[in-house]
Structures are given as structure tokens and as C-alpha cells.
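Me: I would like to go through some labels given to residues in this structure and ask what stands behind each of them.

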Amino acid sequence: MIDCPGCGVTLPKQQILLGYSYNASAKCYEQYSELTAYTLSHTGDDFIHQHVVDVYAAQHSGNGMKIFTTVFALIGLYYAIERGYNGRQVQRVHTLLARLKHP
Ligand SMILES: [Zn+2]
């Protein structure tokens, strides 16, 4: 068993080298991948997938994850929780932020 360094969940240890930059155990990331496959199958304007992506990124920041990934996740969660945006609206915020020029 191994504790995920990001969220702390204890899951069976896997000897798999994954090509991702989340601060997560392999089994935690595998379960996240299963969840995202499920949420992507949902249709409709709510687009719950965006919330899952943002929560997971925020929980598993660090250890090589790009700082923009964490920032976008926290901004997305702010709009979802504090402003009541659905996933589609949060996705639109992400798109607009990505278009901004960085100094
Ligand atoms: Zn985790």
C-alpha cells in the first residue's frame, strides 16, 4: 500500500511509470483517469468533467506540475464554488485566461 502524496489516499502500490506531472501515486492517477472517462461521457451544459479536472489538479499540485495548472484549477474552483458557475462556464473562463498575453 502507498499513500498518494497529493491527496493522501492509501491505495495499492503499482510499479508503473506514468508520463504525467501530477503529484500523485500511480493508483490514484489510474482511478482519476477512470473517473474522467466517466465524466466525459456525461452530456449537457453542466460539464461536470471540468470540476473533476480542477479538483484533482488542485489536490495534486507540486512535484513538477506546471504552476499554471494549479492556478487555473484554483481559479476554476473559485468560480464554481463562489460564483456558482457550472463546468461549461468554468471551461469558458479557462479559455479566456489561456488567451491572455503573459508579460
Ligand atoms: Zn491522490
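Reply: Gladly, with the reminder that this is a predicted model.

Me: Why is Thr-39 called buried?

Reply: The relative accessibility of Thr-39 is 3%, and buried means under 20% relative accessible area, so Thr-39 counts as buried. This residue has its place in helix H1, residues 26–40, and, leaving aside residues up to four places away in sequence, Thr-39 touches Ile-48, His-49 and Val-52.

Me: What makes the pair of Tyr-22 and Tyr-32 edge-to-face?

Reply: A search of the whole structure finds eight aromatic pairs. For the rings of Tyr-22 and Tyr-32, the centres are 5.9 Å apart and the planes stand at 65°; since pairing asks for centres within 6.5 Å and edge-to-face for planes over 60 degrees apart, the pair is edge-to-face. The pair links distant parts of the chain, with Tyr-22 in the loop between strand S2 (10–11) and H1, and Tyr-32 in helix H1, 10 residues apart.

Me: How do you know whether Tyr-22 is buried or exposed?

Reply: Its relative accessible area is 17%, which is to be set against the limit of under 20% for buried, and Tyr-22 is therefore buried. For Tyr-32 the corresponding value is 9%, so this residue is buried by the cut-off of under 20%.

Me: Why is the pair of Tyr-32 and Tyr-56 called stacked?

Reply: The rings of Tyr-32 and Tyr-56 lie 3.8 Å centre to centre with 10° between the planes, and because planes under 30 degrees apart count as stacked, the pair is given that label. Tyr-32 lies in helix H1 and Tyr-56 in helix H2 (residues 48–59), so the pair ties together parts that are 24 residues apart in sequence. Tyr-56 is buried, as is Tyr-32, and ring pairs link Tyr-22, Tyr-29, Tyr-32 and Tyr-56 into a cluster.

Me: What makes Val-71 partly exposed?

Reply: Val-71 has 36% relative accessibility, and as buried means under 20% and exposed over 50%, with partly exposed in between, Val-71 counts as partly exposed. This residue is found in helix H3, residues 67–83, and together with Ile-67 and Phe-68 it forms a nonpolar patch on the surface, with about 290 Å² of accessible area for the three together.

Definitions and conventions
Residues are numbered from 1 along each chain as its sequence is written. This is a predicted model: local features need pLDDT of at least 70, side-chain atom pairs count only at pLDDT 80 or more; totals for chains, interfaces and linings use all residues. Side-chain values use heavy atoms; hydrogens and water are left out. Patches are made of residues with over 30% relative accessible area and no salt bridge: like charges are joined within 9 Å, nonpolar side chains (Val, Leu, Ile, Met, Phe, Trp, Tyr) within 5 Å. Accessible areas come from the Shrake-Rupley method with a 1.4 Å probe; for residues, only the protein chains shown count as cover. A salt bridge is a side-chain nitrogen of Lys or Arg within 4 Å of a carboxyl oxygen of Asp or Glu. Helices (H or I, at least four residues) and strands (E, at least two) are DSSP runs, numbered from the N terminus. Buried means under 20% relative accessible area, exposed over 50%, partly exposed in between (1.4 Å probe, protein chains only). Contact means heavy atoms within 4.5 Å. Rings of Phe, Tyr and Trp (its six-membered ring) pair if their centres lie within 6.5 Å; planes under 30 degrees apart count as stacked, over 60 as edge-to-face and the rest as tilted.
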